[in-house]
Every structure is written in C-alpha cells, then in structure tokens.
Amino acid sequence: MDMRLFEYALEIYKTKSFTKAASHLHIAQPSLSKQIAKLEQELGVYLFDRKSGSVEPTPDGLCFVKQAEKILHMREDLRREILERKEGIRGELKIGSTAITGGHILPPLLKIYQEQFQNVSIQLVEESTETLIDLTARGLVDISILSLPIEDSRLTTKLMLTEPLYLVLSKELKQWMPEKLKQIVSSTNLIEQNALPIEDFSNCPFILLKQGYGFRRTVLKLCARGKFEPQIAYETSSIETAQSLVAHGLGLTIVPEMIVHRSAYHPTLAYMKLDSNPTRTLVFTYNKERYLSMNAKALIEIYENQSLI
C-alpha cells in the first residue's frame with residue numbers, strides 16, 4: 001500500500017473536504033478522488049461519507065485514519081532518528097510552556113543550550129496548559145514544561161522541581177480584607193513572619209488564571225482543601241497582570257516561588273506563606289509513544305546539570 005494514500009486520507013479527514021485536501025497536497029481534486037476510490041476498493045470498505053458541503057469518515061474510515069496517523073508518525077520518527085545518528089544534534093526543537101513558567105525557567109536554560117548547540121533552531125510555543133497537552137500529545141511540540149498533574153495517557157513526564165506557593169496581597173489596607181489580615185498586612189516581611197490558613201481568605205476576591213491553565217486548577221484545589229470556592233473577581237492569562245490587579249487592591253492571588261524571587265521587592269505587593277505549605281511540581285512532558293529527539297534529550301540533560309532557578 002502506497003504511503004501517500006495514508007497522507008491523502010489523513011488530509012481529507014483533517015479538512016473534511018476533497019477540494020481543500022487536494023489543494024494542501026498540491027494534486028488535482030479528481031486525481032485525489034480517484035486514488036481514494038481505488039483505496040476503498042482495495043480495502044473493501046468506504047472510508048468517507050461524501051455529504052453536501054462536508055466529508056465525514058465512516059467508522060471504518062475513522063479506524064483507518066487513526067492507524068494511518070500512527071504509521072506516518074513512525075515513519076517520521078524513524079527518519080529523524082536515523083538522521084540524528086548520522087548528523088548529531090541539529091535541526092529544530094519545539095518547546096512548549098505557559099508564560100508563567102517559560103518566562104522564568106527557559107531564558108537561562110536556552111542561553112546555555114544555544115551556546116552548546118548553535119545548529120539547533122528553537123521554536124517557543126506559549127499556550128495554555130490545556131492546549132500544550134494536546135499539542136505535545138499529537139507530536140506538534142517536542143517537549144513541554146508543565147505542572148502536575150498530567151492526565152493524558154499519551155504523555156509521560158520527567159521531574160524538574162517542586163516549589164512553594166505564596167499568597168499575594170496589596171500592602172495597602174482594603175475594605176474586603178479580614179480583620180486578622182488588616183492587623184498584619186503592614187508587616188515588613190510577610191513571607192517570613194506569617195502563615196495563615198487559606199480558609200481565612202474565603203470571603204476575599206480572588207484573581208485567577210483563565211480556564212485551561214494548570215495553575216488555575218492548582219489554586220482551585222488549594223481552596224477546595226480549605227472547604228470553599230473562591231470568589232473570582234478577575235480572570236487573566238498572565239500572572240503579571242494578576243499581580244498588577246492585586247497591587248491596585250482589586251483582590252488577591254496565588255503565585256509560585258519563582259515569581260516571588262522576581263517580585264519580592266515590589267513596593268506595593270506583599271507575599272505571605274500559607275500554613276498548609278502548598279506546592280506545585282514542574283515536569284518535562286513528552287509523548288511516550290514518539291521518538292524523543294536528541295535535541296530534546298539535550299535540553300533535559302542541561303537542566304539537570306545546571307542550577308537554573
């Protein structure tokens with residue numbers, strides 16, 4: 001069976017159109033239809049239902065395209081592995097991360113990486129946790145830096161670090177603050193001197209990351225352990241925006257320690273420990289069924305051999 005037929009069927013499945021698929025494949029539409037008809041005849045089943053304005057896979061067609069995708073991935077993985085055995089570390093490396101993590105972990109790591117492997121072109125993919133899990137599972141990103149838990153069975157992980165979480169408050173007294181908090185919010189060093197239970201803030205306005213970000217789920221679970229649902233005042237895709245909203249007294253938020261190291265001397269923000277000592281764990285994440293490139297392995301090795309946080 002010609003490998004091109006796998007590509008043809010997969011492209012039709014993705015575009016839901018013979019015309020669009022033919023355009024993407026740079027072949028004539030009648031020729032594509034003829035090739036698929038020939039394939040269907042060979043298999044003895046129909047792969048696609050040709051409906052008005054759309055093309056949908058039959059149950060047999062869905063089975064075929066899923067297996068075809070695996071075969072094409074295997075072909076690409078084999079090609080890449082053989083090429084790397086011959087030429088070493090070179091080519092492209094696609095790294096996924098959320099902005100909250102990538103902005104702190106990646107710059108020092110990539111500085112060392114680029115010094116050692118100048119022939120590698122690095123592409124950064126900054127998206128929500130949910131999107132990155134999907135891209136990594138589909139092999140569209142080589143490796144991602146994400147926080148646990150990772151619940152997609154196609155992925156595997158390698159531990160990076162575990163770090164504490166802190167509550168972020170405005171140093172100015174606000175009406176919504178509980179009395180206990182008002183009494184200590186002007187302390188010179190909230191990180192060292194205070195540790196309150198998360199339930200003390202159950203009636204405060206929270207600023208959270210938007211749906212799809214793993215850190216949002218971390219904060220919601222933290223609140224659930226305190227037996228309350230947070231009153232969400234604002235949602236954002238940026239921790240920096242969240243902290244700016246906090247600085248103006250519009251609520252409070254939770255951040256990981258790497259953010260605290262960067263912002264501890266912010267004149268209008270205070271950072272406070274929580275008595276439950278909550279943490280988050282970062283991991284390298286990649287598709288366990290796909291070939292992990294030498295480029296990606298080198299990234300992991302550099303991180304493990306350096307003190308980057």
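Student: Buried means under 20% relative accessible area, exposed over 50% and partly exposed in between (1.4 Å probe, protein chains only), so which of these is aspartate 152?

Tutor: Aspartate 152 counts as buried, because its relative accessibility is 18%. This is a predicted model, in which local features need pLDDT of at least 70 and side-chain atom pairs count only at pLDDT 80 or more, while totals for chains, interfaces and linings use all residues. Residues are numbered from 1 along each chain as its sequence is written, and side-chain values use heavy atoms, with hydrogens and water left out.

Student: Which residue does aspartate 152 form a salt bridge with?

Tutor: Its partner is arginine 154, with the closest N and O atoms 2.7 Å apart; a salt bridge is a side-chain nitrogen of Lys or Arg within 4 Å of a carboxyl oxygen of Asp or Glu. Arginine 154 is partly exposed, at 32% relative accessible area.

Student: How many salt bridges are there?

Tutor: The count is 12. One of them joins lysine 158 and glutamate 304, at 3.5 Å from N to O. That pair links distant parts of the chain, as lysine 158 is in strand 6 (residues 155-170) and glutamate 304 is in helix 12, 146 residues apart. Helices (H or I, at least four residues) and strands (E, at least two) are DSSP runs, numbered from the N terminus.

Student: What about lysine 111, buried or exposed?

Tutor: Lysine 111 is exposed, at 54% relative accessibility. Its side chain meets that of glutamate 115 in a salt bridge of 3.0 Å, N to O.

Student: New topic: how many aromatic pairs are found?

Tutor: The search finds five in the whole structure. Among them, phenylalanine 284 and tyrosine 303 have ring centres 5.7 Å apart and planes at 85 degrees, so this pair is edge-to-face. Rings of Phe, Tyr and Trp (its six-membered ring) pair if their centres lie within 6.5 Å; planes under 30 degrees apart count as stacked, over 60 as edge-to-face and the rest as tilted.

Student: Are these two residues buried or exposed?

Tutor: Phenylalanine 284 is buried at 1% relative accessibility, and tyrosine 303 is buried at 9%.
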